[in-house]
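Subject: Structure handover

Hello,

Here is the structure I said I would pass on. My notes on what was found in it follow below.

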Amino acid sequence: MAGPAATIELEGLAETRQRILQLPDRIQKRCMSKAVRAGGALFVKAAKRNAPRLTGLFKRSLAQRVKSYQAGKVVVSITGQQNTVKNRRKLRRGRGGISGRGDLVPIHFVEENTKPHRIPKEGRGMLILRNRSGGRVLVYSVVHHPGTRGQHPIRRAADSQAGAAAQEFAKKLAIEVDAEVAKLAVGG
């Protein structure tokens, strides 16, 4: 299930649009990718500011990926979670993530609300839970999870940075188009 996407339409870029359409396709794609990356970087920074700070593992997993479709005519920025996190070594053993093993908490557990639910035992074993200090061991056959309220770091970032991202995109696109036109003018 895909979440809501932020779509921004820019007006007043007619001159830049005409100039970029006169450039070769590969240069158009490069200019658009750089501009979209610059605008999307604001979303990533805001999402990291909004991320919960229990261990920092979730925050470090947030990143941006820029993809182009239709031979570079459509370029999108996707802000989400990486599969792996750099600097995982910084976590002390037994800290962070699911089960305290340093596994990443999936983004939908943080972004969206979770309803109260039962967590049954798996197979014939029992659920063993430790408190945060690692001392007392509790054994359960079933756990009743109370549910959680989503913290919405991605949604809040999109709401707060939409205008600034559009301005950054337009500014970067104009700079990149000017740079590419200058390169072509001198024969580069």
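**Helix 5**

Helix 5, residues 153-185, has 33 residues and spans 45 Å from its first C-alpha to its last, close to the 48 Å expected at 1.5 Å a residue. The expected span is 1.5 Å times one less than the number of residues. Helices here are DSSP runs of H or I with at least four residues, strands are runs of E with at least two, and both are numbered from the N terminus.

Before going further: this is a predicted model, in which local features need pLDDT of at least 70 and side-chain atom pairs count only at pLDDT 80 or more, while totals for chains, interfaces and linings use all residues. Residues are numbered from 1 along each chain as its sequence is written, and side-chain values use heavy atoms, with hydrogens and water left out.

Helix 5 has a kink of about 60° centred on Gln 161. The bend at a residue is the angle between axes fitted to the seven residues ending there and the seven starting there.

Which residues of helix 5 are buried? They are Pro 153, Ala 157, Gln 161, Ala 165, Ala 166, Phe 169, Ala 170, Leu 173, Glu 176, Val 177 and Glu 180. Buried means under 20% relative accessible area, exposed means over 50%, and partly exposed is in between (1.4 Å probe, protein chains only). An α-helix has 3.6 residues a turn, so residues three or four places apart point the same way.

The cover over the buried residues of helix 5 includes helix 1 (14-21), helix 2 (25-50), helix 3 (57-61) and helix 4 (107-111). Thr 16 counts as buried because its relative accessible area is 15%. Leaving out residues up to four places away in sequence, Thr 16 touches Leu 173, Ala 174 and Val 177; contact means heavy atoms within 4.5 Å.

Both ends of helix 5 have a backbone angle to note. His 152, in the loop between strand 6 (142-145) and helix 5, has a phi near 50°, a positive value in a residue other than glycine. Just after helix 5, Gly 187 has a positive phi of about 90°.

Arg 65 is in strand 1, residues 62-69. Arg 65 counts as exposed because its relative accessibility is 57%. Beyond its neighbours within four places in sequence, Arg 65 is in contact with Val 76, Ser 77 and Ile 78.

Arg 37 is in helix 2 and is partly exposed, at 42% relative accessibility. Which residue has its C-alpha 6.6 Å from that of Arg 37, though 40 residues apart along the chain? That residue is Ser 77. Arg 37 also touches Gln 64 and Val 66, not counting residues up to four places away.

Val 74 belongs to strand 2, residues 74-81, and is partly exposed at 33%.

**The whole protein**

The protein has 5 helices and 6 strands. Along the sequence they follow the pattern α-α-α-β-β-α-β-β-β-β-α. Of the 188 residues, 27% are buried. Among contacts with a separation of 6 or more, 63% are between residues 24 or more positions apart.

Regards
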